[in-house]
Amino acid sequence: MNTIYVNDKNNIKAVQNAVDSLPKEGGTVVITKGEQLTSAIHLKSNVTLHIEENALLKFSTDFNDYLPPVFTRWEGVECYNYSPFIYAHNCENIKICGKGSIDGMGQVWWHWKKLQGDAATKLCRAQSEGILPKDRVFATEEAALRPSFIQFINCKNITFKDFTIKNGPQWTIHPVYCENVTAQNLTVLTQGPNTDGLNPDSCNNVLIENCTFDTGDDCIAINSGLNEDGWRVNRPCQNVEIKNCTFKGGHAAIAIGSGMSGGVQNIYAHNCIISNTERGIRIKSMKGRGGYVKDVTFKNIKMSNIELDDIQVTTNYGSSTAVPVSDKAPVFSNFKFENINVD
């Protein structure tokens, strides 16, 4: 197997250069002990990114290091925007692992939350106004649409294992249109606005186990596209299992929605411990989303010190980046809650 070791503090492109140096059959890029500064990393098929114990992969705070724009899904709508910090498109057999840490240095992006209003509204209404994804190009400081931290889009056989990740610009681990995704033994620590921990987005066959979350927004949020653009893509998020996870802070520990317009089905969360979050379990949508959520089971969940609702199921969610333009209602059905222990 081809292995390249990276420890070059003077070269912000060292990790990407190592990935590009691997042959077509792939291999492993190892981030060795110490601190490695990097710009955006674009992975390819059959590549493992291994962060050794006591290694820190740290991302640049220069916005230009995430250009040119790439195809992405931003809060459930397809567009071209700043590159996610670690990105892959149309790839398979990719793994990020190791007991080291990844720091997004996301603080420099967080104030964009207050600046994004006009661009976010324009994007969220693009499909209803007939604007094609190829013409939805942002990636400017004026638009202020923050990228995801890790985003793999339309990929197969993805593994995230063992590492600690903290403080990205927005959604932290964000697989989109992916199949066979495994997340094991992760620690996700975030503080900024919309810094959800793990967002399976229109994915099929996802396992999240033995992970710990303390986040600035929802810890796990299951999504499938937003409003008209979600209906156009029409890819549900389905067959998701969440087990043996610990949630120590955030808005909701496990959320479904509110961007669920492509449908969500066959979700099973069990044997989890939730404490010190605003809400425990939250299934949320609103008029204009359409779509459905069905066949959802929560079993053997322990909660303590929850600030607001332990369990909330609502189709009258009151918060949205942009107000929907349609009145299409979501449909909820077949929910099961079993052995939920609340202190």
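Reader: Which side chain meets that of Arg-232 in a salt bridge?
Author: This is a predicted model, in which local features need pLDDT of at least 70, side-chain atom pairs count only at pLDDT 80 or more, and totals for chains, interfaces and linings use all residues. Residues are numbered from 1 along each chain as its sequence is written, and side-chain values use heavy atoms, with hydrogens and water left out. A salt bridge is a side-chain nitrogen of Lys or Arg within 4 Å of a carboxyl oxygen of Asp or Glu. At 2.8 Å from N to O, the partner of Arg-232 is Glu-78.

Reader: How many residues apart in sequence are the parts tied together by Arg-232 and Glu-78?
Author: Helices (H or I, at least four residues) and strands (E, at least two) are DSSP runs, numbered from the N terminus. Arg-232 sits in helix α4 (residues 227-233) and Glu-78 in strand β8 (residues 77-81), so their pairing joins parts separated in sequence by 154 residues.

Reader: Where in the chain is Arg-136, the salt-bridge partner of Asp-229?
Author: The closest N and O atoms of Asp-229 and Arg-136 are 3.0 Å apart. Asp-229 belongs to helix α4, and 93 residues separate it from Arg-136, which is in the loop between α3 (117-124) and β12 (150-153).

Reader: How many salt bridges does a search of the whole structure find?
Author: Side chains of opposite charge can pair when their charged atoms come close. Searching the whole structure for such pairs gives a total of eleven.

Reader: How many disulfides does the structure hold?
Author: A disulfide is a covalent bond between the sulfur atoms of two cysteines, counted here when the two sulfur atoms are within 2.5 Å. The sulfur of Cys-272 has its closest cysteine sulfur in Cys-245, at 5.0 Å, which is too far for a bond. The total is zero.

Reader: Which cysteine has the sulfur nearest to that of Cys-237?
Author: Cys-237 is buried, because its relative accessibility is 0%. This residue is in no disulfide. At 5.3 Å, the nearest cysteine sulfur is that of Cys-203.

Reader: How many residues are in the largest nonpolar core?
Author: A nonpolar core is a set of buried Ala, Val, Leu, Ile, Met, Phe, Trp, Tyr and Cys residues joined through side-chain atoms within 4.5 Å. Ile-96 is one of the residues with the most contacts inside the largest core. Its contacts (heavy atoms within 4.5 Å), beyond neighbours within four places in sequence, include Leu-43, Ile-86 and Phe-163. The size of this largest core, in residues, is 76.

Reader: Which strand holds Ile-273?
Author: Ile-273 is partly exposed, as its relative accessible area is 46%. Leaving aside neighbours within four places in sequence, this residue touches Cys-245, Thr-246, Phe-247 and Lys-302. Ile-273 belongs to residues 264-275, which form strand β23.

Key: Buried < 20%, exposed > 50% of the residue type's maximum accessible area, 1.4 Å probe, protein only.
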